[in-house]
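The sequence and the structure come first.

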Amino acid sequence: MALPRKKFVAGNWKMNMTSSEVAPYLEVFRQETEPVNNVDIAIIPPFTALAKASEILGGSQKIRLGAQNMSPEAKGAYTGEISAAMLRDLFVRYVLVGHSERRRLFGETDELVHRKVVTALNSELRPILCIGETLEERQAGQEKAILEAQLEGALKALTQEQLEEIIIAYEPVWAIGTGLTATPTQAQEAHQFIRDYLKTSAGVEIADKTRILYGGSVTADNARELLSQPDIDGALVGGASLDPRSFAEIVAAAVPAE
Ligand code: PGA
């Protein structure tokens, strides 16, 4: 019997929050999450707030830091880009790769997503690979084919060791920021499909270990039911992570039952 996967809850602040808003947020969030110790927690602030968060958290093991994006290049003449080394320098541990907003609004392809995954892994950053179908794709019954293509595109040619570092976030595009959540059954079905894909492509051990997060209008009200599904190992939270109390409630909903 495989060990239970430790739940992981990450808050993606997107393009919200200035550096000066970080300290008051963290003061409340740290207090509210004080009793929690068996959930992995990360906040994913915008680049300009990362340094402040890093200074306050000081390499905390309890609340870790993630970045929302990263250049696939190591360094050089790439105006406006942020490298993996710059993130590591701020004790960042995770990086979102292939978020649907990056794919849709900034034209990120599976090929670019793949390059970012490789750069992150080479720099000891753990990629949180975001995948998910649009409403049209779901209505056309294509959601599984889309998930498979995104997984294949991003994870091709990775070694077993590299695959172990990957975290996956299933985020149906139609549920992001819309208030429309996938039902727990819909989400579980997609998560199970992803785990089965990993079984076939990477083996049972990796499939059992990999954490698959759900994202898309997760709130303190729906988190518990989503997180109780067998293949949902955590949540990637956007809007509801901007309020430290709501986000702490979602973290609390991930605490395993005694
Ligand atoms: P949402 O965003 O919780 O605001 O829907 C989720 C995400 O995009 O990661």
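Setting aside neighbours within four places in sequence, His99 is in contact with Asn12, Lys14, Cys130, Glu171 and Ile176; contact here means heavy atoms within 4.5 Å. The model is predicted, and local features need pLDDT of at least 70, side-chain atom pairs count only at pLDDT 80 or more, and totals for chains, interfaces and linings use all residues. Residues are numbered from 1 along each chain as its sequence is written, and side-chain values use heavy atoms, with hydrogens and water left out.

His99 lies in the loop between β4 (92-97) and α4 (100-105). Helices (H or I, at least four residues) and strands (E, at least two) are DSSP runs, numbered from the N terminus. His99 counts as buried because its relative accessibility is 4%. The classes are buried (under 20% relative accessible area), exposed (over 50%) and partly exposed (in between), with a 1.4 Å probe and protein chains only.

## The ligand

Which residues are closest to the ligand? They are Lys14, His99, Glu171, Gly177 and Ser217, out of 13 residues that surround the ligand. A residue is near a molecule or strand if one of its heavy atoms lies within 4 Å of it. By class, this shell holds four nonpolar, seven polar and two charged residues. In that count Ala, Val, Leu, Ile, Met, Phe, Trp, Tyr, Cys and Pro are nonpolar, Asp, Glu, Lys and Arg are charged, and the others, Gly among them, are polar.

| Residue and atom | Distance to a ligand oxygen atom |
|---|---|
| His99, N or O atom in the side chain | 2.7 Å |
| Gly177, polar backbone atom | 2.6 Å |
| Ser217, polar backbone atom | 2.7 Å |

Taken alone, the ligand exposes 280 Å², and the protein buries 95% of that. Accessible areas come from the Shrake-Rupley method with a 1.4 Å probe, and for residues only the protein chains shown count as cover.

## The nonpolar cores

In soluble globular proteins, nonpolar side chains tend to be buried together. A nonpolar core is a set of buried Ala, Val, Leu, Ile, Met, Phe, Trp, Tyr and Cys residues joined through side-chain atoms within 4.5 Å. The largest core here has 68 residues, of which Phe29, Ile43, Leu155 and Tyr214 touch the most other members. Helix α9 (residues 184-202) gives the most to this core, with seven residues. A second, separate core has 12 residues, including Tyr94, Cys130, Ile167 and Ala169. Beyond four places in sequence, Leu155 is in contact with His114, Leu129, Leu163, Ile166 and Leu198.

## Helix α12

Helix α12 covers residues 244-253, and its buried residues are Pro244, Phe247, Ala248, Ile250, Val251 and Ala253. They pack against β1 (8-12), α1 (22-33), β2 (40-44), α11 (223-227) and β8 (234-237).

Phe247 belongs to this helix, and it counts as buried because its relative accessible area is 0%. Phe247 and Phe29 are 218 residues apart in sequence, yet 7.8 Å apart in space, C-alpha to C-alpha. Phe29 is also among the contacts of Phe247 beyond four places in sequence, which include Val9, Tyr25, Ile43 and Val237.

## Other residues

Arg30 is found in helix α1. At 35% relative accessibility, Arg30 is partly exposed. Not counting residues up to four places away in sequence, Arg30 touches Ile56, Leu57 and Ile63. Arg30 and Lys62 are 32 residues apart in sequence and 9.3 Å apart in space, C-alpha to C-alpha.

Thr119 sits in helix α5 (residues 110-122) and is buried at 13% relative accessibility. Beyond four places in sequence, Thr119 touches Met70, Ser71, Pro72 and Ala84.

Met17 is not a glycine, although it has a positive phi of about 80 degrees. Met17 lies in the loop between β1 and α1 and, at 18% relative accessibility, is buried. Phe91 also has a positive phi in a residue other than glycine, near 65 degrees. Is Phe91 buried or exposed? Phe91, in the loop between α3 (84-88) and β4, counts as exposed because its relative accessibility is 54%.

How values were computed: A polar contact is a pair of N or O atoms within 3.5 Å; within protein, one must be able to donate a hydrogen and the other to accept it, and residues adjacent in sequence count only if both atoms are side-chain atoms.
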